Amino acid sequence: MPDFLDVESSPWEPFGGKTKDIFRKSLSVKTFPSGFKASLTLAKPGGEFPEHTDPYAHIFFILEGEGEAFLEGRKIPLRQGTALTVDAGQRHGYRNAGPADLLLITLNIFEKEKEK
C-alpha cells in the first residue's frame with residue numbers, strides 16, 4: 001500500500017448520516033497500529049455535524065473559516081489555528097457559522113484493545 005496520497009486530486013465524499021453539507025477526504029493511507037484515523041473535513045456555510053457521542057476521542061484542528069463547536073452543553077468558537085480535543089463518550093458537534101467554507105483536520109483516536 002502506498003505511503004503517499006494526493007489529497008488535492010481526491011474527491012470530496014459526503015459524510016452522510018444526519019450531517020448537513022459536511023464532506024471529507026481521508027488522510028490515512030494505511031491502518032496505523034496506534035489506532036488513529038485522519039481526515040480533511042469540509043463544512044459548507046450552514047453545514048452542521050449534529051451533537052452525538054462516539055466511543056473514541058477526537059482532535060479537531062481548524063485550517064480555515066469559522067464556526068462553533070458544542071461540547072457537553074458548552075458553545076466553543078472555532079477559527080483558524082484553534083484546536084479542540086473531545087474525549088471518548090463526550091457529547092459534541094459543530095457547525096459552520098461563517099460565510100465561507102470551514103476546513104479542518106479531524107483525528108479520530110481509538111483506544112487499543114487491551115491484551116488479555
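Which residues have the most contacts inside the largest nonpolar core? In this predicted model, that core comprises 14 residues, and those with the most contacts inside it are F60, A69, L84, Y94, L102 and L104. Two or more residues are given to this core by each of β3, β4, β5, β6 (74-79), β7 (83-86) and β9.

The surroundings of F60 can be described residue by residue. When residues up to four places away in sequence are not counted, F60 touches T82, A83, L84, V86, H92, Y94, L104, I105 and T106. Among these contacts of F60 are L84, Y94 and L104, which also belong to the group with the most contacts inside the core.

Strand pairing involving β8 (92-96) was examined next. Four of the five residues of β8 are buried, and the strand is accordingly described as mostly covered. Pairing between β3 (36-52) and β8 is antiparallel and extends over three bridges; H52 is placed opposite H92 of β8. An antiparallel pairing also joins β8 to β5 (residues 66-71), here over five bridges, and within β8 the residue G93 is the bridge partner of F70.

The largest pocket contains about 210 Å³ of space. Its lining consists of 15 residues, of which F15, F49, H58, T106 and N108 are the closest to the pocket centre. Two or more lining residues come from each of β3 (36-52), β4 (57-64), β8 (92-96) and β9 (102-109). The greatest contribution to the lining is that of β3, with five residues. By residue class, the lining comprises five nonpolar, seven polar and three charged residues. T106, one of the residues closest to the centre of the pocket, is also among the residues touched by F60.

D3 is classed as exposed because its relative accessibility is 62%, against a cut-off of over 50%. Along the chain, D3 and S28 are 25 residues apart, and their C-alpha atoms are separated by 8.9 Å.

Note on methods: Residues are numbered from 1 along each chain as its sequence is written. This is a predicted model: local features need pLDDT of at least 70, side-chain atom pairs count only at pLDDT 80 or more; totals for chains, interfaces and linings use all residues. Side-chain values use heavy atoms; hydrogens and water are left out. On a 1 Å grid over the protein atoms alone, a cavity is a set of points where a 1.4 Å probe fits but cannot get out, and a pocket is an open set with protein on both sides within 12 Å along at least five of seven lines; lining residues have an atom within 4 Å of a point. Grid points are joined across faces, edges and corners, and a volume is the space filled by probe spheres set on the points. Ala, Val, Leu, Ile, Met, Phe, Trp, Tyr, Cys and Pro count as nonpolar, Asp, Glu, Lys and Arg as charged, and the others, Gly among them, as polar. Buried means under 20% relative accessible area, exposed over 50%, partly exposed in between (1.4 Å probe, protein chains only). Two strands pair if DSSP finds at least two bridges between them. A nonpolar core is a set of buried Ala, Val, Leu, Ile, Met, Phe, Trp, Tyr and Cys residues joined through side-chain atoms within 4.5 Å. Contact means heavy atoms within 4.5 Å.
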